[in-house]
Amino acid sequence: MGPRLAGRLDSELEFTNILQSTKIFKTIVDCMQDYIKTLHDTDVYEGSTDLHIISAWINDMEQGEYNPPHTHHDLTGWSTVLFLKVPEFINDAKDPHKFRDGKLGFISHDGVGSTWMDAKVGQFYIFEARHQHFVMPFKVKNKGDIRRSMSFNFVERK
């Protein structure tokens, strides 16, 4: 997946073709459908609930790697991030409010601010593919530790 991704990271594993055979697949589909149902119930989205995962990959980020602000899949459908493994980060920032290492950031729609999400195992985010997001670099307490996340894009089946 490396050449197709925006970030500076060496280990991305594309697994779209085997995702359906994993133990977590039913849970993923349930989350997708619940998310779209919630949008339907609030009149935010009036499209179909027949959904299709078009790409899926695992990112193993090492110390110093990052993903700059980017969007996904031609700006249609939705994207996700599921944290699978999170190392202990070193906080050596001088100002406490500046410590954003390893966090997932979402740029506000007006492009002025950002919302920060701590990387915690099991946290699962679903968002519009056109929503700019990014991952900050980090330092780890134990050399060689990685921050592993799974992401996928999904759209309405036509």
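**Strands, cores and salt bridges in the predicted model**

The side chain of His 131 gets to within 2.9 Å of the backbone oxygen of Ile 107, a polar contact in the sense of a pair of N or O atoms within 3.5 Å, where, within protein, one must be able to donate a hydrogen and the other to accept it, and residues adjacent in sequence count only if both atoms are side-chain atoms. The model is a predicted one, with local features needing pLDDT of at least 70 and side-chain atom pairs counting only at pLDDT 80 or more, while totals for chains, interfaces and linings use all residues. Residues are numbered from 1 along each chain as its sequence is written, and side-chain values use heavy atoms, with hydrogens and water left out.

His 131 sits in the loop between strand E7 (124-128) and E8; helices (H or I, at least four residues) and strands (E, at least two) are DSSP runs, numbered from the N terminus. With a relative accessible area of 17%, His 131 is buried, on a scale where buried means under 20% relative accessible area, exposed over 50% and partly exposed in between (1.4 Å probe, protein chains only). Not counting residues up to four places away in sequence, His 131 touches His 70, Thr 71, Phe 106, Ile 107 and His 109, a contact being heavy atoms within 4.5 Å.

Next, the sheet. Four strands make up an open sheet in the order E3-E8-E5-E6, paired antiparallel; two strands pair if DSSP finds at least two bridges between them. Strand E3 (67-70) and strand E6 (114-117) are at the edges with a single partner strand each, so one side of each has no neighbour in the sheet. From one strand to the next the twist averages 15°, with axes taken as lines fitted to C-alpha atoms (for helices over the stretch in contact) and angles running from 0 to 180 degrees between N-to-C directions. E3 and strand E8 (residues 133-135) run antiparallel and are joined by two bridges, and Asn 67 has Val 135 in E8 as its bridge partner.

Elsewhere, strand E2 (residues 51-61) has nine of its eleven residues buried, so the rest of the structure largely encloses it. Ten bridges link E2 to strand E9 (residues 147-156), and the two run antiparallel. Opposite Met 61 stands Arg 147 in E9. Ser 151 also belongs to strand E9 and, at 4% relative accessibility, counts as buried. The side chain of Ser 151 reaches the backbone oxygen of Thr 80 at 3.0 Å. Beyond four places in sequence, Ser 151 touches Ser 55, Ala 56, Trp 57, Thr 80 and Val 81.

On to the nonpolar cores, each a set of buried Ala, Val, Leu, Ile, Met, Phe, Trp, Tyr and Cys residues joined through side-chain atoms within 4.5 Å. The largest has 17 residues, and Leu 19, Ile 53, Met 150, Phe 152 and Phe 154 have the most contacts inside it. H2, E2, E4 and E9 are the elements giving two or more residues to this core, and H2 supplies the largest share, five residues. Leaving aside neighbours within four places in sequence, Ile 53 is in contact with Thr 16, Leu 19, Phe 25, Ile 28, Met 32, Phe 152, Asn 153 and Phe 154. Another core, of 13 residues, lies apart from the largest one and has among its members Met 61, Ala 119, Phe 127 and Val 140.

As for charged pairs, the count comes to six salt bridges, each a side-chain nitrogen of Lys or Arg within 4 Å of a carboxyl oxygen of Asp or Glu. In one of them, the side chains of Asp 30 and Lys 26 meet at 2.9 Å, N to O. Asp 30 and Lys 26 are four residues apart in helix H2 (residues 25-41), so about one helical turn separates them. Asp 30 is partly exposed at 37% relative accessibility, while Lys 26 is exposed at 58%. Glu 88 and Lys 141 form a salt bridge too, with their closest N and O atoms 3.8 Å apart. Glu 88 lies in the loop between strand E4 (78-85) and strand E5 (104-107) and Lys 141 in the loop between E8 and E9, so this pair ties together parts 53 residues apart in sequence. Glu 88 is partly exposed at 46% relative accessibility, and Lys 141 is exposed at 53%. A further salt bridge joins the side chains of Glu 128 and Arg 130 (2.8 Å, N to O).
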